[in-house]
Amino acid sequence: MSAVLLPLPHPRPRPRPSRPRLQLTANPKPIKNFGSFDIPITRRLAILTTFTLSTTPFIHTSSSASAESFLSGISNTKSWFQFYGDGFAIRVPPQFQDIMDPEDYNVGLSLYGDKAKPKTFAARFASPDGSEVLSVVIRPSNQLKITFLEAKDIADLGSLKEAAKIFVPGGATLYSARTIKIKEEEGYRNYYFYEFGNNIQHVALLAAVNSGKVFIAGATAPHNKWNDDGVRLRSAAVSLIVL
C-alpha cells in the first residue's frame, strides 16, 4: 500500500499586511521512536483551546522524558485563527494565507462530475513565500486499507507502526511517531502523529478517523526553513481536531 502523499506546489498567495513573525526553533534527530500518551481533555475543550504546552499528559510509555520532549516541540496555538472544515477544525499559523483553488470549494455542490473530480484538499494554507504549506485531506478509510467494516478509529487501520506504511512515503527518514489520545464524551479518540523527511522536505503529519473517513493534516517545509519554523508547523499539524 503506497503512502498518502501531500502535493507540494509553490503557489503565489495574495499579499497581505505583515505581522510579527514567530521565532521558533526545532531540529529533530533522525530516530525511529514510537510512543503513546493521553491528553486528558474533552473534545469540546480541545476545539476551544487546541493542543497546548500547559496540557498535562498521562504517559503510557516507560519513559516520560520521551513525551516531555515531544511536548517541548509544540507551541500554544490558542491565539491562532481556527479554520472549520467538513468534520474537522485546525489552527492556522499567523501570516499563512488560504490558497485553496476556488474550484475545490465547489466540489460536492454540483449535481454532475463530482465522482470524476474528487476534492483534492479540504483545506490548504501557505506562508507568504509559498515554501511552507499546511494542508488537510480527507479520504475514505477503505481507500487506504481494504476492509468491509467502517473504520471508527485510526487504530482500525493498524498499529502506529503498521499505519506508518500508509502515511510515511517509502525511503523517507522517520524522525518521530506518536499515538495521541484525546478524551471525548464517548471515550478516547486516537490520533497518529508522524514526523519525517527526505533530502528536500520536512513533514509533520497528524491523522485521525471518524465515521469511515480519514482526516490527515500535513505541515511541510524545506529543511532549511524547518530549523526556524518547525515548532509552529508541527503545532499547526497537531492542532487538527475531528469534530
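Reader: What should I know about numbering and confidence first?

Author: Residues count from 1 along each chain as its sequence is written, and side-chain values use heavy atoms, leaving out hydrogens and water. In this predicted model, local features need pLDDT of at least 70, side-chain atom pairs count only at pLDDT 80 or more, and totals for chains, interfaces and linings use all residues.

Reader: Which strands pair with β10, and in what sense?

Author: Strands (E, at least two residues) are DSSP runs, numbered from the N terminus. Two of them pair if DSSP finds at least two bridges between them. Here, β9 (residues 187-197) and β10 pair in the antiparallel sense over six bridges. F196 has V203 of β10 as its bridge partner. β10 also pairs with β11, again antiparallel, over ten bridges. There, A204 partners A219.

Reader: How many residues separate β10 from β11 in their hairpin?

Author: Two, and S211 in that turn has a positive phi of about 55°. The hairpin of β9 and β10 has three residues between the strands.

Reader: Is β10 buried or exposed?

Author: Buried means under 20% relative accessible area, exposed over 50%, and partly exposed in between, with a 1.4 Å probe and protein chains only. In β10 (residues 201-210), ten of ten residues are buried. Both faces are covered. One side includes V203 and L205; the other includes A204 and L206.

Note on methods
Helix = DSSP H or I, 4+ residues; strand = E, 2+ residues; numbered from the N terminus.
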